[in-house]
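Here is a report on one chain.

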Amino acid sequence: MLIKNSQDEVKKRESSFKIIKSILNEKGRRDLYDLTGLSGGFIASENDLNLLETYVGPAIFEEELETLGKEHLGGEKVLAVNRTSSGILATILSLVCENSYIIHYLPEFPAHPSITRSAKLIGANYIEFDNLDDFHIPENTSLIIITGSTMDHKVIDEDIFKEVINRAKMRKIPVFVDDASGARLRTILFNQKKAIDLGADLVVTSTDKLMFGPRGGLMAGKKELINKIKSKAHQFGLEAQPPSILAMVNGLKSFNGENIKNSIEKKQELINLLNNKSSGTLGNVFEETPTGVMISEESLKNELKSHRLLDNISSKDCCFLLAMNLLKNEGIITIPAVSMPGASPTIRFDLSSHDCEKLKMETLADKIFNSFNSFLEIVNDYDKSEELLFS
Ligand SMILES: *Cc1c(COP(=O)(O)O)cnc(C)c1O
């Protein structure tokens with residue numbers, strides 16, 4: 001295996017950053033296409049930046065965020081955290097005690113690793129379900145988590161969402177929704193209600209997923225619970241810092257969901273192109289997502305069945321290698337090339353991304369095919385593959 005552990009994932013991420021830097025230096029920003037759907041946007045005026053001091057900034061921006069955050073998510077009170085993962089950790093540290101149960105409903109496995117890791121950290125029993133037939137709430141359950149949309153953008157059915165909340169309410173157990181991308185995907189493309197309006201007590205969303213904000217987490221919900229979590233977040237340094245809060249405010253102000261809606265048409269065009277071009281060679285490797293297409297670990301593995309693969313290259317390695325080819329040869333940034341340890345290896349092309357505006361679907365389809373071919377050329381050479389991932 002090329003990627004054996006979290007440290008290897010960090011090394012891979014560092015080498016991707018070197019490649020990004022060299023493309024920037026040699027060709028410029030125009031030749032980089034960030035299609036992750038995570039923008040890391042930072043909109044700020046000169047005036048905003050002048051207010052960025054440790055205690056002055058928050059006095060202004062936190063108040064604005066309170067209003068905008070409630071509009072976006074609902075709820076009685078808002079809390080800005082460093083990442084969605086930080087919000088998940090702070091919530092579990094605040095509401096869950098050792099040996100009690102955390103019950104998680106999600107539309108499709110796997111859960112985001114921050115949920116399972118936080119559960120483990122506090123010594124809770126963790127059970128997850130992806131169907132309502134098996135779903136049950138044991139005695140001594142302290143928190144119910146619902147994922148609105150998974151890392152691969154599989155969206156929950158709204159009726160199931162309501163049913164899980166109903167069952168939690170009957171037992172008077174707080175419900176926390178991981179709506180990292182769902183707060184926008186569910187509401188804009190699937191016409192679902194906000195998590196809080198469906199009865200959830202708490203929600204967290206990622207301010208750089210499908211919106212032009214910074215990597216960060218925005219939480220909202222019942223005042224009493226948010227106060228508890230806020231205090232815990234401050235104790236462990238999990239809260240968002242003033243520059244992030246400023247960028248969250250401006251990201252929310254500029255958000256209108258148009259990019260998300262426009263991605264539907266682009267997706268259809270791309271799928272037609274991919275089908276026409278592949279005519280047998282790439283078969284069914286592509287799957288639709290709400291705002292684009294993806295190549296999952298499973299479908300890449302199936303696609304490669306007819307190729308002779310080395311024993312010491314895993315199917316996850318293949319995803320990383322393909323993502324690295326996309327980056328190095330075509331300037332396309334996808335999540336596996338730059339992700340944090342434990343994130344999904346799925347290669348997702350998010351057509352609601354900012355950079356999609358400068359990319360014709362015809363060009364994108366060509367870039368995907370070219371990368372696939374160069375990937376096939378090196379995947380049977382362990383040394384070359386290793387060099388590509390960790391150079
Ligand atoms: C992205 C994501 C997270 C974590 O977001 P970070 O910004 O990486 O902390 C958590 N849950 C889901 C479902 C996600 O998609």
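The accessible surface of the chain comes to about 17,500 Å². Carbon and sulfur atoms account for 47% of that surface. Areas come from the Shrake-Rupley method with a 1.4 Å probe, and for residues only the protein chains shown count as cover.

The model is predicted: local features need pLDDT of at least 70, side-chain atom pairs count only at pLDDT 80 or more, and totals for chains, interfaces and linings use all residues. Residues are numbered from 1 along each chain as its sequence is written, and side-chain values use heavy atoms, with hydrogens and water left out.

## Overall build

The chain holds 15 helices and 12 strands. These are DSSP runs numbered from the N terminus: helices are H or I with at least four residues, strands are E with at least two. The chain has a radius of gyration of 21 Å, close to the 21 Å that the globule rule gives for 391 residues, so it is as compact as a globular protein of that length. That radius is taken over C-alpha atoms, and the rule is 2.2 Å times the number of residues to the power 0.38. Along its principal axes, the C-alpha trace spans about 55 × 55 × 40 Å.

Of the 391 residues, 55% are buried. Buried means under 20% relative accessible area, exposed means over 50%, and partly exposed lies in between (1.4 Å probe, protein chains only). Take contacts between residues at least 6 apart in sequence: 77% of them join residues at least 24 apart. A contact here means heavy atoms within 4.5 Å.

Cys-97 and Ala-124 are 27 residues apart along the chain, and their C-alpha atoms are separated by 6.7 Å. Cys-97 sits in the loop between α4 (84-95) and β3 and is partly exposed at 47% relative accessibility. Gln-235 and Met-294 are 59 residues apart along the chain, with 39 Å between their C-alpha atoms. Gln-235 belongs to helix α8 (residues 223-235) and is exposed, with a relative accessible area of 52%.

## Charges and salt bridges

The chain carries 46 positive and 55 negative side chains. The centres of the two sets lie 2 Å apart. Lys and Arg count as positive, Asp and Glu as negative; His and the chain ends are not counted. Each charge is placed at NZ of Lys, CZ of Arg, CG of Asp or CD of Glu.

Side chains of opposite charge can pair when their charged atoms come close. The structure holds 13 salt bridges, each a side-chain nitrogen of Lys or Arg within 4 Å of a carboxyl oxygen of Asp or Glu. The table lists some of them, including one in helix α10.

| Positive residue | Negative residue | N to O distance |
| Arg-186 | Asp-179 | 2.8 Å |
| Lys-261 | Glu-258 | 3.9 Å |
| Lys-277 | Glu-362 | 3.1 Å |

Lys-277 lies in helix α10 and Glu-362 in helix α14 (residues 361-378), so the pair ties together parts that are 85 residues apart in sequence. Lys-277 is partly exposed at 30% relative accessible area. Glu-362 is partly exposed too, at 39%. Shared partners join Lys-277, Glu-362 and Asp-366 into one salt-bridge network.

Arg-186 and Asp-179 are both buried. Lys-261 and Glu-258 both lie in helix α10 (residues 258-278), 3 residues apart, about one turn of the helix. Lys-261 is partly exposed, with a relative accessible area of 43%. Glu-258 is partly exposed at 38%.

## Backbone exceptions

Most residues other than glycine have a negative phi, and most peptide bonds are trans. Where does this chain have a cis peptide bond? The bond from Phe-109 to Pro-110 is cis, with omega near 0°. Pro-110 lies in the loop between β3 (101-105) and α5 (113-122).

Asn-140 is not a glycine, yet has a positive phi of about 60°. Asn-140 is placed in the loop between β4 (125-129) and β5 (141-147). At 48% relative accessibility, Asn-140 is partly exposed.

Leu-210 also has a positive phi, near 60°. The loop between β7 (202-206) and β8 (217-221) contains Leu-210. Leu-210 is buried, with a relative accessible area of 7%.
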